[in-house]
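Biologist: Please take me through this model one point at a time, giving the rule behind each term as you come to it.

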Amino acid sequence: MQAVMPEATAPELVAIVEAGRALLMERAGRARRLGAEQLRAACRCAGCTAARRLGGPVAAAAGIRISAARPVGGYGLNIGFSDGHARGLFPFTYLDELVAEQA
Ligand SMILES: [Zn+2]
């Protein structure tokens, strides 16, 4: 029996594109784009989670850019933003959910 690859495997390619305005993930020849504002607003670090629990959506500054995207343990990305916020860990499963939200 052959193992079925889960949907949320690491993308073959991750790139910061559009001068930081978006993140591009490519898997099995299919490219998915996530905007910097959507990603920043979706940050699930402890600070943003607490802010969200207190009722507010996490504010993404207009024109925010992605400044870094580092692989973490083969299951996600640590994404840094131009507002200096770089605590967010985005598992690939979560990034896939964010892509699905765009549809
Ligand atoms: Zn955060």
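Biologist: To begin with F90 and Y94, are the two residues buried or exposed?

Modeller: This is a predicted model, in which local features need pLDDT of at least 70 and side-chain atom pairs count only at pLDDT 80 or more, while totals for chains, interfaces and linings use all residues. Residues are numbered from 1 along each chain as its sequence is written, and side-chain values use heavy atoms, with hydrogens and water left out. Buried means under 20% relative accessible area, exposed over 50% and partly exposed in between, calculated with a 1.4 Å probe on protein chains only. On that scale both F90 and Y94 are buried.

Biologist: Which residues form an aromatic pair?

Modeller: Rings of Phe, Tyr and Trp (its six-membered ring) pair if their centres lie within 6.5 Å, and planes under 30 degrees apart count as stacked, over 60 as edge-to-face and the rest as tilted. By this rule the count comes to one aromatic pair. With 6.2 Å from centre to centre and 20 degrees between the planes, the pair is stacked, and its members are F90 and Y94.

Biologist: Which residue lies over the face of Y94?

Modeller: A charge sits over a ring if NZ of Lys or CZ of Arg is within 6 Å of the ring centre and within 35 degrees of the ring normal. The charged end of R40 meets this rule at F81, 5.9 Å from the centre of that ring. Over the face of Y94, at 3.7 Å from the ring centre, lies R44.

Biologist: Why does F90 count as buried?

Modeller: F90 lies in strand 6 (residues 88-91), where helices (H or I, at least four residues) and strands (E, at least two) are DSSP runs numbered from the N terminus. Contact means heavy atoms within 4.5 Å, and F90, leaving out residues up to four places away in sequence, touches L39, A42, C43, G76, L77, I79, F81, L95 and L98. F90 is buried because its relative accessible area is 0%.

Biologist: Which residues of helix 3 are buried?

Modeller: An α-helix has 3.6 residues a turn, so residues three or four places apart point the same way. The cover over the buried residues of helix 3 includes strand 2 (22-27), strand 3, helix 1 (36-41), strand 5 (76-81) and strand 6. Within helix 3 (residues 92-102), those buried are F92, Y94, L95, D96, L98 and V99.

Biologist: With which residue does the side chain of R32 make a polar contact?

Modeller: R32 belongs to strand 3 (residues 30-35) and, at a relative accessible area of 9%, is buried. A polar contact is a pair of N or O atoms within 3.5 Å; within protein, one must be able to donate a hydrogen and the other to accept it, and residues adjacent in sequence count only if both atoms are side-chain atoms. The side chain of R32 makes such a contact, at 3.2 Å, with the side chain of D96.

Biologist: How far apart in space are L77 and M25?

Modeller: L77 is placed in strand 5 and counts as buried at 2% relative accessibility. Its contacts, its neighbours within four places in sequence aside, include V14, L23, F90, F92 and L95. L77 and M25 are 52 residues apart in sequence, and their C-alpha atoms are separated in space by 11 Å.

Biologist: Which protein donors does the zinc ion have?

Modeller: Donors are N, O and S atoms within 2.8 Å of the metal (3.2 Å for Na, K and Ca), and water is not among the atoms, so sites may look incomplete. In sequence the donor residues are spaced C-x1-C-x2-C-x36-H; C43 counts as buried at 0% relative accessibility, and C45 counts as buried at 6%. Lying 2.1 to 2.3 Å from the zinc ion, the protein donors are C43 (SG), C45 (SG), C48 (SG) and H85 (NE2).

Biologist: What is the geometry of the site of the zinc ion?

Modeller: Four donors count as tetrahedral if all angles lie between 85 and 135 degrees; four count as square planar and six as octahedral if opposite donors are over 155 degrees apart and all others between 65 and 115, and anything else is irregular. Here the angles among the four donor atoms are 100 to 115 degrees, and the site is tetrahedral.

Biologist: Is A19 buried or exposed?

Modeller: E18, in the loop between strand 1 (13-17) and strand 2, has a positive phi of about 55 degrees although it is not a glycine. A19 is found in the loop between strand 1 and strand 2, with a positive phi near 55 degrees in a residue other than glycine. E18 counts as partly exposed at 43% relative accessibility, whereas A19, at 65%, counts as exposed.
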